[in-house]
Amino acid sequence: MFGFSAMELARIQFGFTVSFHIIFPAITIGLASYLAVLEYRWLRTGKQVYRDLYHFWIKIFSVNFGMGVVSGLVMAYEFGTNWGGFSRFAGSVTGPLLAYEVLTAFFLEAGFLGVMLFGWDRVGRALHFFATCMVALGTLISATWILASNSWMQTPQGYAIVNGAVVPTDWLAIIFNPSFPYRLLHMGVAAFLATASLVAASAAWHLLRKNDNPANRKMLSMAVWMLVIVAPIQALIGDAHGLNTLQYQPAKIAALEGHWQSDAQEKGLPLILFAIPDMEQEKNHYELAIPQLGSLILTHSLEGDIRGLATFPKEDRPNATILFFSFRVMVGLGIAMIALGLWASWARWRGRMFTSPWLHRALVAMGPSGLIAILAGWMTTEIGRQPWVVYGLLRTSDAASAHPPEALALSLGLFMAVYFPVFGIGITYMLRLIKKGPQAYEDEAHPVGGAGKNHTASRPLSATNEDMAFVHNPDQWS
């Protein structure tokens with residue numbers, strides 16, 4: 001159908017659904033921890049600005065959380081319908097790991113989510129803060145199990161193959177496989193950076209529209225601190241992750257670097273900034289490179305070399321053209337985040353962080369950068385693993401179910417017809433909430449509406465001037 005095989009359509013369908021899904025858990029992880037910090041600061045300082053920010057972002061968190069749950073359910077069914085070979089081969093490993101995620105993280109989140117969302121005026125402060133922390137912890141535990149499963153597929157350990165299927169022999173080795181620590185840290189920090197970019201863009205958008213208030217200033221300040229501190233840390237984690245990938249998946253590194261030939265005579269690899277890799281001719285077109293810098297990054301030596309992609313059998317090579325560009329999108333956005341954090345820090349030092357329109361425009365433009373970087377990073381990770389589903393053990397062609405291409409094309413079309421309007425409406429609603437901005441929160445016990453207040457009145461006519469109070473008392477009309 002449309003020139004695609006059943007396996008290719010199954011890959012496109014899974015890629016489509018996971019691309020929608022991954023942005024929601026990423027925001028959930030970051031916002032849950034951000035909400036915990038906001039509530040802690042409110043309890044510690046008593047400053048109203050933290051409480052107002054909490055109630056502003058928890059609305060966005062709740063909508064995002066719901067979309068993440070719904071989009072994730074579809075992927076679980078896809079494993080059984082489209083990837084029967086994978087389920088038969090590796091289900092004894094991936095099945096329990098995903099079950100552990102439900103038994104620990106999902107139940108923890110579901111158990112405390114109601115208290116977090118609706119218990120502000122109904123339970124004590126300590127209990128509500130505990131619920132917020134448990135939800136935040138649940139999102140991190142969920143990411144841990146999901147990354148353990150995915151990392152095992154990248155660097156499988158702790159198994160035996162019996163009758164053509166994987167049998168677990170060492171669960172600690174399965175969970176803590178060689179790439180797991182790097183992937184967990186890389187994804188967790190990416191979620192925090194994506195959330196920081198979103199929060200900074202929200203604050204900057206309001207400041208550009210002259211909505212200069214303590215809540216928007218505090219949002220911007222906290223988000224910039226996160227960018228300044230965490231973005232460079234992410235670069236160090238990425239470097240360590242790259243070294244680990246070079247050890248266990250050298251073909252992926254060769255592809256994303258656009259390195260085709262190993263040459264013992266030539267000292268040092270260039271860092272290729274731009275090129276168009278050609279899979280058929282095994283070379284790059286229009287190459288722009290910096291000599292020896294590639295060796296310094298990949299091997300931490302100016303004279304180091306790595307195995308070229310052309311030395312791998314053709315059937316074992318990932319798509320270098322896609323990997324080359326997806327990797328550079330991720331890295332380029334990461335560098336831009338570091339630069340933006342430094343710019344904002346300089347503006348803070350000069351006392352202009354809240355008044356610089358050019359900085360605010362840049363922050364708004366970079367708002368989706370964290371999510372785009374996550375999508376580019378996952379494309380790099382998953383496409384780079386090809387042609388394997390379980391690296392070195394199970395090929396993608398053997399993992400796909402035997403469906404006719406027409407059936408997969410139809411289901412893909414139906415997914416697109418549903419996903420774009422449903423999640424488009426959800427994302428639009430979240431953007432409308434962000435556009436509204438933080439408002440002063442009124443609890444049920446102490447409503448703060450009334451005359452002269454700086455937000456919506458809690459009763460009809462209560463915002464009238466106190467000098468006209470006689471209107472409410474007929475006995476004073478004389």
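What follows is a short tour, topic by topic. Keep in mind that this is a predicted model. The mean pLDDT of the chain is 86, with 91% of its residues at 70 or more.

- Packed helices are described by the angle and the distance between their axes.
- For helix H7 (residues 214–248) and helix H10 (residues 320–349), the axes come within 8 Å and cross at roughly 140°.
- Angles over 145 degrees would count as roughly antiparallel, and H7 and H10 are therefore oblique to each other.
- The crossing of H7 and H10 is left-handed.
- On the H7 side, the contact is made by Ser 221, Val 224, Trp 225, Leu 227, Val 228, Ala 231, Pro 232 and Ala 235.
- H10 brings Met 337, Ile 338, Gly 341, Ala 344, Ser 345 and Arg 348 to that contact.
- Sorted by class, the contact of H7 with H10 has 10 nonpolar, 3 polar and 1 charged residues.

**A tucked-away helix: H8**

- Helix H8 (residues 250–257) has 7 of its 8 residues buried, so it is largely enclosed by the rest of the structure.
- Among the buried residues of H8 are Lys 252 and Glu 257, along with Ala 251, Ile 253 and Leu 256.

- Ser 33 sits in helix H1 (residues 6–45).
- Its relative accessibility is 18%, so Ser 33 counts as buried, the cut-off being under 20%.
- Setting aside neighbours within four places in sequence, Ser 33 is in contact with Ala 136 and Phe 192.

**Backbone details in the loops**

- The peptide bond from Gln 386 to Pro 387 is cis, with omega near 10°.
- You'll find Pro 387 in the loop between helix H12 (369–385) and strand E5 (388–390).
- Lys 210 isn't a glycine, yet has a positive phi of about 65°.
- The loop between helix H6 (180–208) and H7 holds Lys 210, which is exposed, with a relative accessible area of 74%.
- Glu 282 isn't a glycine either, and has a positive phi of about 55°.
- Look for Glu 282 in the loop between strand E3 (271–278) and strand E4 (283–290), where Glu 282 counts as partly exposed at 22% relative accessibility.

Methods. Residues are numbered from 1 along each chain as its sequence is written. This is a predicted model: local features need pLDDT of at least 70, side-chain atom pairs count only at pLDDT 80 or more; totals for chains, interfaces and linings use all residues. Side-chain values use heavy atoms; hydrogens and water are left out. Axes are lines fitted to C-alpha atoms, for helices over the stretch in contact, and angles run from 0 to 180 degrees between N-to-C directions. Helices (H or I, at least four residues) and strands (E, at least two) are DSSP runs, numbered from the N terminus. Angles under 35 degrees count as roughly parallel, over 145 as roughly antiparallel, 65 to 115 as roughly perpendicular and the rest as oblique. A crossing is left-handed if the near helix is turned anticlockwise from the far one by less than a right angle, and right-handed if clockwise. Contact means heavy atoms within 4.5 Å. Ala, Val, Leu, Ile, Met, Phe, Trp, Tyr, Cys and Pro count as nonpolar, Asp, Glu, Lys and Arg as charged, and the others, Gly among them, as polar. Buried means under 20% relative accessible area, exposed over 50%, partly exposed in between (1.4 Å probe, protein chains only). pLDDT is the predictor's confidence in each residue, from 0 to 100.
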